Amino acid sequence: MGKNNNIVGWDEYTRSYGGREIRTINPTIQSGSTVLFEHFEDMQLALEGEYPGVDYGTHGLSTQKAFEEAMCEIENGHASYAFPSGISAITNTLMAFTKSGDEILLCDNVYGPTASFCHKILTKYNVKITHIESNIGAEISHYINENTRLIFLESPGSNTFEIQDISAIVKIAKKAGIISIIDNSWATPLFLKPLDLGIDISIQSVTKYICGHSDVLIGCSTVNEKYAAEFAEYFHTVENYANPHDCYQALRGLRTLKVRLEAHQKSAYEVARWLESQEIVDSVIHPGLESHPQHNLWKRDFTGASGLFAFTFKDSYSTETIALFANSLKMFGFGFSWGGFKSLLTARPYKRDGKWVHDGKHLVRLSIGLEDTDDLIADLKNSFTKLQ
Ligand SMILES: Cc1ncc(COP(=O)(O)O)c(C=O)c1O
């Protein structure tokens, strides 16, 4: 062995200098696989599954815990778990609470990959998937049978924006002993507190508004006390892992969520109201507008609206004509996801169960970013000329 090969010592790193602790406002990014036990006996406890602390990196270190604790507080939950993406939070939560022979009631407007996971993966394990209307309320009782294990909602749906009657659904679910889960990414826990309304698990694609800069993929599930132990067992067995750098970014995003979300809300309302006044526009589908079919439910449960909504044109334009309009836009990027500082657009027709009146028409979905609202409106106005 040569000399000076001991660069990698095995002393743990301390956070002090000049005899003083180094303190910052934000948590440090603690990254690691091995967690050192203070005493040999602690390691024995860990081997017996009795160690009260974190015994390995996959259980989440201090940065993950800081993020999860902040999420839990804002969701009014019992425990929160970070996942490497929103879809990972969804699929893992569904896995945690289903077994062979169960039936899931899946709202028809859920995020496409959520439905794909149910149909392509859960069915392999003999879980039955039944779609329920996107605007469902107390009628959910018609779908419930002895195998119904959970109800999965997305309100509003992130493409077609129907609202479900959470209180009516929860009342029936609780009576029947069925778990209720909601994808709450559109409103974030700032504008909707699902657990306060009786939902058992609230899921966030933190990727969206909480991170807010389109540069991180991360998800989070927050569970109430009733289902916390079952979820904890799943989580610690599967050893899912969201990396500390992403949790740090997510926690940082959470600090400024309120100001950003209010700016998204204000600008989106202005764009939506302007669209409503345009001759070529048919419907503006935004839960915060009086014209939305479930606006009263939205007003009852939500304290605000984010910046994602859609509109349709009066004419049923072909994809080629929609492309003429879209390609002349300067301010809107074409891309999936939403909730970031840059405005984005998608456009495609949707089919839905329930009272859906836009069949066959392209739904133009806008994620209103943090640009100047007048610039966004001017851009849309200019591009509308391509359709006239
Ligand atoms: C409503 C909704 N839920 C979940 C997801 C998945 O989130 P992620 O992109 O973090 O996997 C998306 C992504 O677009 C979404 O729109």
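Biologist: Where is the place of Asn126?

Modeller: Asn126 is in the loop between α4 (112-120) and β5 (128-132); helices (H or I, at least four residues) and strands (E, at least two) are DSSP runs, numbered from the N terminus. This is a predicted model, where local features need pLDDT of at least 70, side-chain atom pairs count only at pLDDT 80 or more, and totals for chains, interfaces and linings use all residues. Residues are numbered from 1 along each chain as its sequence is written, and side-chain values use heavy atoms, leaving out hydrogens and water.

Biologist: What makes the phi of Asn126 worth a mention?

Modeller: Most residues other than glycine have a negative phi. Asn126 has a positive one of about 65° and is not a glycine. Ser214 also has a positive phi, near 55°, and is found in the loop between β8 (201-205) and β9 (219-223).

Biologist: Which peptide bond is cis?

Modeller: The one from Ser155 to Pro156, with omega near -10°. Pro156 lies in the loop between β6 (148-154) and α5 (166-176).

Biologist: Which helix gives the largest share of the shell around the ligand?

Modeller: Helix α3 (residues 86-96), with 3 residues. The shell divides into 6 nonpolar, 6 polar and 3 charged residues; Asp, Glu, Lys and Arg count as charged, Ala, Val, Leu, Ile, Met, Phe, Trp, Tyr, Cys and Pro as nonpolar, and the others, Gly among them, as polar.

Biologist: Why is the aromatic pair of Tyr81 and Phe235 called tilted?

Modeller: Rings of Phe, Tyr and Trp (its six-membered ring) pair if their centres lie within 6.5 Å; planes under 30 degrees apart count as stacked, over 60 as edge-to-face and the rest as tilted. Tyr81 and Phe235 have 4.4 Å between centres and 35° between planes, so the pair is tilted. By this rule the count comes to 17 aromatic pairs.

Biologist: What does the Tyr81 and Phe235 pair tie together?

Modeller: Tyr81 lies in strand β3 (residues 79-83) and Phe235 in helix α7 (residues 225-238), so the pair links parts 154 residues apart in sequence.
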